[in-house]
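Good morning, and thank you for coming.

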Amino acid sequence: MKLPSHDLNGLLSKPATPNPAPKRRQAPKRSGREIARANELKAMQAVARFGHLRIAELAPAVWPLARYGEQLARRTAARLVGQGLLLERRNALGSKSLCLTRGGAAWLDARGVEAQHTLDLSSVTGSTFFHRTLATRYLIERQVEGFQVAGEYQLLRRKTPFPIDALVKALRKLPDGMVWQRRADGTANIELVEQEAAAKARQELEKCLKAAEFVGQSLDPEGRYRIAGLVFVFDRELNHARRIALAAASLWGNRSHAERVALEKRVKLVAVELRDPL
């Protein structure tokens, strides 16, 4: 069979190659120096947010997924201490805590992060260090999960997107922390955090438990931020769950069974581990 010449040309010629898909432009890889600078900023922000941190808290706050997070935290902290941006202070547990210096606060301000030095915080060497550190560890865990958090340091400075003065006045105390997550519509449910590091008197526990009675109430006039529950955080080795349960029975014992059950469901107990000083 004889084929037309134009068919032969098509069969014998080199097949046309399709135009290759345009290559995606890859984002330029950051240099080691750029990564180090970004890590330094995150570490500085973490210390400014909580007031003071040990390496044990700094590592999960900045490198939650890193296999050697504490090594990264130590190296980064050493550079920042060397630059005079952070200061190591001996804490009440005998280890060292990182605090923000005046130069460090100015360094953050220059980068658009409002901050003030934490050199004069008594909670580093005082009796409240264990108390605050236990709460901080829990708050950092929730932050890693994607929640927004505020510890006692931020609450004292009223650094929250919602007012808390009315709540503090009603409770006659400041919560140890707050946890929330903003929804797409701008609203958020807020967990109040109380921590139990040492045995409290029953009256003090009852004062903490009173917060459960405010669940459902709004913290702002627009109703965007509402209290959703109360979380008690305590050291795993010092099981205070029974003491909290006894305080709840004393506080709500004269209420109906249905009311007691409803109030108790608003309270969550969380046992955490506070590691030995590093």
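Let us begin with R37, which counts as partly exposed because its relative accessibility is 33%. Please keep in mind throughout that this is a predicted model. The side chain of R37 meets that of E40 in a salt bridge, with 2.8 Å from N to O. How accessible is E40? E40 has a relative accessibility of 2%, so this residue counts as buried, the limit being under 20%. Both R37 and E40 belong to helix α2, residues 32–50, and they lie three residues apart, about one turn of the helix.

As background, side chains of opposite charge can pair when their charged atoms come close. In this model the count comes to 18 salt bridges.

A second example is found in helix α9, residues 202–209, where E204 and K207 are three residues apart and therefore separated by about one helical turn. The closest N and O atoms of their salt bridge are 3.8 Å apart. E204, with a relative accessible area of 34%, is partly exposed, and K207, at 24%, also counts as partly exposed.

R255 is partly exposed at 31%, and E213 is partly exposed at 22%.

Strands of a sheet pair through backbone hydrogen bonds, either parallel or antiparallel. Here, three strands form an open sheet in the order β1-β3-β2, with antiparallel pairing. β1, residues 52–53, and β2, residues 86–90, are the edge strands, each pairing on one side only. Five bridges connect β2 with β3, residues 96–100; within this pairing, L87 has C99 in β3 as its bridge partner.

Finally, consider helices α3, residues 55–62, and α4, residues 69–82. Their axes come within 8 Å and cross at roughly 105°, and the two helices are therefore roughly perpendicular to each other. By class, their contact has six nonpolar, one polar and two charged residues. From α3, the residues I55, A56, L58 and A59 take part, meeting G69, E70, A73, R74 and A77 of α4.

Technical notes. Residues are numbered from 1 along each chain as its sequence is written. This is a predicted model: local features need pLDDT of at least 70, side-chain atom pairs count only at pLDDT 80 or more; totals for chains, interfaces and linings use all residues. Side-chain values use heavy atoms; hydrogens and water are left out. Two strands pair if DSSP finds at least two bridges between them. Helices (H or I, at least four residues) and strands (E, at least two) are DSSP runs, numbered from the N terminus. Axes are lines fitted to C-alpha atoms, for helices over the stretch in contact, and angles run from 0 to 180 degrees between N-to-C directions. Angles under 35 degrees count as roughly parallel, over 145 as roughly antiparallel, 65 to 115 as roughly perpendicular and the rest as oblique. Contact means heavy atoms within 4.5 Å. Ala, Val, Leu, Ile, Met, Phe, Trp, Tyr, Cys and Pro count as nonpolar, Asp, Glu, Lys and Arg as charged, and the others, Gly among them, as polar. A salt bridge is a side-chain nitrogen of Lys or Arg within 4 Å of a carboxyl oxygen of Asp or Glu. Buried means under 20% relative accessible area, exposed over 50%, partly exposed in between (1.4 Å probe, protein chains only).
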